[in-house]
Amino acid sequence: QVFLFESGGGSVQAGGSLRLSCETSGYAQKMYWLAWLRQAPGQERVGVAGLYQYRGRPDLYYADSMKGRFTISRDHAKGTMYLDMTNLEPEDSGVYYCAHRGSCNPTVWSIGSLYKDWGHGTQVTVSS
């Protein structure tokens, strides 16, 4: 059974930074996705950053509005995935989820409904 547990959310002012962590365990596929998805009020969960593990070094993906501001990484030995968020904007606010799924076409990586396993989420609030 896949286990995902997020931490590190909070409230910051615009321009600030946060680091989210996701403890992961229980997945055994050789090819899989781990991703961070955000859900704003009244909206669907959408990927902000993802990593696709199918070879030695995972491929990293970002939503366009996050490129240059967000960095996804993983400490494989600790089984922990991170999302470093800098220069935060009020539009970045929402509940951030850590999610896992098996292999899929990278063109659809950001679609939340395609992920199978989820953490409980952590709230990020950015004030102007």
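Start by selecting G16, which sits in the loop between β2 (10-13) and β3 (strands, E of at least two residues, and helices, H or I of at least four, are DSSP runs numbered from the N terminus). Before going further, note that this is a predicted model, where local features need pLDDT of at least 70 and side-chain atom pairs count only at pLDDT 80 or more, while totals for chains, interfaces and linings use all residues. Residues are numbered from 1 along each chain as its sequence is written, and side-chain values use heavy atoms, with hydrogens and water left out.

Now show what G16 touches: M85, T86, N87 and L88, leaving out residues up to four places away in sequence (contact means heavy atoms within 4.5 Å).

Next, pick N87, one of the residues G16 touches. N87 is in the loop between β8 and β9, and its phi is near 45°, a positive value in a residue other than glycine. With a relative accessible area of 45%, N87 is partly exposed (buried is under 20%, exposed over 50%, partly exposed in between, with a 1.4 Å probe and protein chains only).

Stay in that loop and select D92, between β8 (80-85) and β9 (94-102). Is D92 buried or exposed? Buried, with a relative accessible area of 2%. Setting aside neighbours within four places in sequence, D92 is in contact with R38, M66, R69, F70, N87, V124 and V126.

Follow that list to F70. Again leaving out residues up to four places away in sequence, F70 touches V48, Y62, L83, D84, M85, T86, L88, D92 and Y96.

F70 also leads you inside. In the largest nonpolar core, which has 24 residues, W36, V48, F70, M81, L83, M85 and Y96 touch the most other members (a nonpolar core is a set of buried Ala, Val, Leu, Ile, Met, Phe, Trp, Tyr and Cys residues joined through side-chain atoms within 4.5 Å).

M81 lies in strand β8 and is buried, with a relative accessible area of 0%. Show its contacts beyond four places in sequence: L20, S21, C22, L34, A35, W36, L51, I72, S73, R74 and C98. M81 and L20 are 61 residues apart in sequence, yet 8.3 Å apart in space, C-alpha to C-alpha.

Finally, zoom out to the whole chain. You'll count 0 helices and 11 strands. The C-alpha trace spans about 40 × 30 × 25 Å along its principal axes. Buried residues make up 44% of the 128 residues. Of the contacts with a separation of 6 or more, 59% are between residues 24 or more positions apart.
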